[in-house]
Amino acid sequence: MTGIFYGSSTGNTESLAKEIAAKLGIEASHVFDVSSASANQTAPYQVLLLGSSTCGDWAIYRMTGWILSNR
């Protein structure tokens with residue numbers, strides 16, 4: 001199962017995450033905004049697709065911490 005986790009500052013990464021999900025046939029319930037998600041939500045997924053804004057680095061640090069603590 002694949003989960004998509006994204007961090008978006010302006011909405012572009014969010015739009016792209018949703019478009020990728022649609023193209024891959026991933027249901028919206030498997031697409032998460034890291035600003036309101038928690039690390040334990042990554043646990044059920046064998047594959048994680050990560051997307052981060054280029055404006056700041058808060059999202060990538062948060063996602064990296066989740067992965068390192070839960071894998």
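Good morning. Strand β1 (residues 2-7) pairs with β2 in the parallel sense over three bridges. Here strands are DSSP runs of E with at least two residues, helices are DSSP runs of H or I with at least four residues, and both are numbered from the N terminus. Two strands count as paired if DSSP finds at least two bridges between them.

Before I continue, a word on the source: this is a predicted model, in which local features need pLDDT of at least 70 and side-chain atom pairs count only at pLDDT 80 or more, while totals for chains, interfaces and linings use all residues. Residues are numbered from 1 along each chain as its sequence is written, and side-chain values use heavy atoms, with hydrogens and water left out.

The protein chain holds two helices and three strands. Read from the N terminus, its elements follow the pattern β-α-β-β-α.

Let me return to the sheet. In what order do the three strands lie? The order is β2-β1-β3, in an open sheet with parallel pairing. At the edges are β2 and β3 (47-52), each of which pairs on one side only. On average, neighbouring strands of this sheet are turned by 20° against each other, direction ignored. Within the sheet, Phe 5 stands opposite Phe 32 in β2.

Helix α1 lies across β1, β2 and β3, and runs at about 165° to β1. Such angles run from 0 to 180 degrees between N-to-C directions, with axes fitted as lines to C-alpha atoms, for helices over the stretch in contact.

I now turn to two residues. Thr 13 belongs to helix α1 (residues 12-24). Thr 13 counts as buried because its relative accessibility is 17%; buried means under 20% relative accessible area, exposed over 50%, and partly exposed in between, with a 1.4 Å probe and protein chains only. Apart from neighbours within four places in sequence, Thr 13 is in contact with Tyr 6, Gly 7, Ser 8, Gly 51, Ser 52 and Ser 53, where contact means heavy atoms within 4.5 Å.

The second residue, His 30, lies in the loop between α1 and β2 (31-33). Is His 30 buried or exposed? At 18% relative accessibility, His 30 counts as buried. Not counting residues up to four places away in sequence, His 30 touches Met 1, Thr 2, Gly 3, Ile 4 and Tyr 45.

Finally, the chain as a whole. Of the 71 residues in the protein chain, 34% are buried. Among contacts between residues at least 6 apart in sequence, 73% join residues at least 24 apart. Thank you.
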